Amino acid sequence: MATGATLLTDLPFRRPHPLTLLRPSNIPSFHPLHVSLRNNHLRPNFRCSIAEGSTALSPSKASGQSSMVDCVVVGGGISGLCIAQALQTKHPNVAPNIIVTEAKDRVGGNITTVERDGYLWEEGPNSFQPSDPILTMVVDSGLKDDLVLGDPDAPRFVLWNGKLRPVPAKPNDLPFFDLMSLGGKIRAGFGALGIRPPPPGREESVEEFVRRNLGDEVFERLIEPFCSGVYAGDPSKLSMKAAFGKVWKLEQNGGSIIGGTFKAIQERNKATKPPRDPRLPKPKGQTVGSFRKGLAMLPNAISTCLGSKVKLSWKLSSISKVDDGGYSLTYETPEGLVSILSRSVIMTVPSYIAGTLLRPISGKAADALSKFYYPPVASVTISYPKGAIRKECLSDGELKGFGQLHPRSQGVTTLGTIYSSSLFPNRAPDGRVLLLNYIGGATNTEILSKTESELVEVVDQDLRKILINPNAEDPLSLSVRVWPQAIPQFLIGHLDLLDTAKAGLREAGMEGLFLGGNYVCGVALGRCVEGAYETAAEVAGFLSKKVYK
């Protein structure tokens, strides 16, 4: 998959207390995929906040010369589009002339929205946490009125011992939730306070960090299924520092998770905070967001704002440094070979693609980029009649909640299930329930050998153990999408590999060539947007200091 995605990744499993502090911020909802532009209604007219006076580039054929632009963004996924939008809205005087190139014939990268027969579903990321950076992108892209938010009070569930058990949403829930034993809660509390073994002095896996700090129950019943939902990953191999850096820093800075939390609050209260943008919506509680016609509205809206700066079906074939310090990029396009001269370049394509393109420039960078691992994941979208839901799973006769996660120890293959028709409005016809399921990941790569019908059968069998009546009619299968290379795994050594790649580019004299995307900033859709603003600021800083002849 391309940039910006995570499985149940923005399935909002909330973070009320030390037991749920291990949630990375802005986790988008399940996988990385591409955007479907099959439906014209996904491309409405938008009001965009783009600086006036921006000019579009008219590149020339490779045999001629093109005027030098300020920045070329390689990759039209959510990361690339948001970087371009951030450059235009936040740094218009530094980078007025930019171009976004996408090898495919549509934008969106990981995001796939499909509408058919009264259903609307996602085959990539399912939602996002509405942080201020992503809300700023939404407003600047003209989508404020199309934003939809989930019910912040809707429960989230984890399967344990054959029962769906709610995850605590706030501190008041802690004494009463039955996902953990009293002993497990006490162990977590003491560990969070710092009464636990000291750090080992080396990079820890997520499993090692959580078991050491919060105990076995927190890991097995909360964090392990959460890692499956966010990364489709193996927590014994994921790096705590790389995958959940904010929580890792709490212990580093405060001596314990609680100590670090108090210290972070004190520092935040002392810091001067700029006033919040009054244009931004004010979400209530811990929730997730999407749009009236699905996530595809965001990349489509940004593309509309950028206009002719976005070039589709442009496949980058080579990149090289030119004498004046800029870069020459050669593309295969529908009009033939095209060359672009640019002062800076941002590579937002997946790391394995970036590595191939950059190998002629730096073998060291290419070798590092080729080592990031992307396991396969499948999204399976199915529908049942409302009567198929088990009575014990209903509230006031309705299936309510965000969804459910399944620890690998609980005898089910499916990683998790999102209650799509409960999460956002107008996702399924009356009388039907729409469920988005994820299967595969780092611990189940065998999905690549399964047929679509076999995957549907596995998901259906799992759901009949948990959510669906065993004698219910067969589900309506709407979509099975297998992503052979889905979410980049932030394994132990991930940050070192990334530093090696960047060092390789510096050593090759590639100043002004930047790496971006979900393997750099984080797999959640929200983190991709936050990372886009960070990358845009870095590029703007470079351009403002660099003098070209």
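In the predicted model, Arg211 and Glu207 form a salt bridge through their side chains, with an N to O distance of 2.9 Å. Both residues belong to helix 4 (residues 206-214), where they are 4 residues apart and therefore separated by about one helical turn. Arg211 is partly exposed, at a relative accessible area of 26%, and Glu207 is also partly exposed, at 21%.

A salt bridge between Lys364 and Glu507 has its closest N and O atoms 2.9 Å apart. Lys364 is located in helix 11 (residues 363-369) and Glu507 in helix 14 (residues 494-507), so this pair ties together parts that are 143 residues apart in sequence. The relative accessible area of Lys364 is 38%, which makes this residue partly exposed; Glu507, at 58%, is exposed.

Across the whole structure, 29 salt bridges are found. One of them connects the side chains of Arg292 and Asp146, at 2.9 Å from N to O. These two residues lie 146 residues apart, with Arg292 in the loop between strand 9 (289-291) and helix 9 (297-306) and Asp146 in the loop between helix 2 (132-140) and strand 6 (147-149). Arg292 is partly exposed, with a relative accessible area of 42%, whereas Asp146 is buried, with 13%.

The chain has a mean pLDDT of 90, and 88% of its residues reach 70 or more. Over residues 51-58 the pLDDT stays under 50, and the model has 15 contacts beyond four places in sequence for this stretch. Residues 60-65 also have a pLDDT below 50, with 13 contacts beyond near neighbours in sequence. Where pLDDT is low, the predicted coordinates should not be read in detail.

Technical notes. Residues numbered from 1 in each chain as written. Predicted model: local features only at pLDDT ≥ 70, side-chain atom pairs only at ≥ 80, totals over all residues. Heavy atoms only, no water. pLDDT = per-residue confidence, 0-100. Contact = heavy atoms within 4.5 Å. Salt bridge = Lys/Arg side-chain N within 4 Å of Asp/Glu carboxyl O. Buried < 20%, exposed > 50% of the residue type's maximum accessible area, 1.4 Å probe, protein only.
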